[in-house]
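Visitor: I am new to this structure. Please pick one part and take me through it closely, then show me what surrounds it.

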Amino acid sequence: MNATRFEHFFRTAAGLDVDKEDLKRYNDFLDQQLQDMYLMAGITAKTNARDVVEAHDFPITKGLQERVREFDKLFSELADVLDEMAPRPPDITLSEEAEAWVPRIAGGISLGLAHTFKILAPDLANPRTTHWESAFRLFDLLL
């Protein structure tokens, strides 16, 4: 995601001022969260004797589903950008429907991250390294 779109997204989603340094943190965060999603979806598919991951194999929680819907409503124009930047798993095959979910999941995770900053520090305007690290730990704990 280019820096301008990234800054606009976080400013609109949660009133946060982020910079180019934060963009690297965000990219690393999104890559890790999607890799974790692929891992669990792949396990679900294999458990059900399938080689192809279907959309319903992704471990989508109620909260993430709500963030995906919020993303679809407010930021659907970013889906193509997120689709391009989202990593794909090298060791599993995604169905066409699962592929279509990837940018939406990435958008939902991104909105969840933006909201997490405001939960951690309601008056936060410019996330610092400690805020990013805390948000990462929370997502790793729950996703």
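Guide: Start with Ser110, which is buried, at a relative accessible area of 1%. Buried means under 20% relative accessible area, exposed means over 50%, and partly exposed is in between, with a 1.4 Å probe and protein chains only. This is a predicted model: local features need pLDDT of at least 70, side-chain atom pairs count only at pLDDT 80 or more, and totals for chains, interfaces and linings use all residues. Residues are numbered from 1 along each chain as its sequence is written, and side-chain values use heavy atoms, leaving out hydrogens and water.

Ser110 sits in helix α5, which spans residues 96-120. Helices (H or I, at least four residues) and strands (E, at least two) are DSSP runs, numbered from the N terminus. A polar atom of the Ser110 side chain lies 2.7 Å from the backbone oxygen of Ala106. Setting aside residues up to four places away in sequence, Ser110 touches Phe9, Phe10, Tyr26 and Leu30. Contact means heavy atoms within 4.5 Å.

Two of those names return in the largest nonpolar core. Of its 46 residues, Phe10, Tyr26, Phe58, Ile109 and Leu113 touch the most other members. Such a core is a set of buried Ala, Val, Leu, Ile, Met, Phe, Trp, Tyr and Cys residues joined through side-chain atoms within 4.5 Å. The helices α1 (3-14), α2 (20-47), α3, α4, α5 and α6 (129-142) each supply at least two residues. Helix α5 gives the most, with ten. In soluble globular proteins, nonpolar side chains tend to be buried together.

Now see how α5 meets α3. Helix α3 (residues 62-75) packs on α5 at an angle of about 100 degrees, with the axes 8 Å apart. Axes are lines fitted to C-alpha atoms, for helices over the stretch in contact, and angles run from 0 to 180 degrees between N-to-C directions. The two helices are therefore roughly perpendicular. Angles of 65 to 115 degrees count as roughly perpendicular, under 35 as roughly parallel, over 145 as roughly antiparallel, and the rest as oblique. On the α3 side, the contact residues include Leu64, Val68, Phe71 and Phe75. On the α5 side, they include Trp101, Ile105, Ile109 and Leu111. By class, this contact has nine nonpolar, five polar and four charged residues. Here Ala, Val, Leu, Ile, Met, Phe, Trp, Tyr, Cys and Pro count as nonpolar, Asp, Glu, Lys and Arg as charged, and the others, Gly among them, as polar.

Helix α4 (residues 79-85) holds Asp83. At 31% relative accessibility, Asp83 is partly exposed. Its C-alpha atom is 9.4 Å from that of Gly107, 24 residues apart along the chain. Beyond its neighbours within four places in sequence, Asp83 contacts Arg88 and Pro103.

Go back to Tyr26, one of the residues that Ser110 touches. Tyr26 is also one of the α2 residues in the contact with α6. These helices pack at about 5 degrees, with axes 11 Å apart. That makes α2 roughly parallel to α6. From α6, the contact includes Trp132, Phe136 and Phe139. By class, there are five nonpolar, two polar and four charged residues.

Terms used: Polar contact = N/O pair within 3.5 Å; in protein donor to acceptor, adjacent residues only side chain to side chain.
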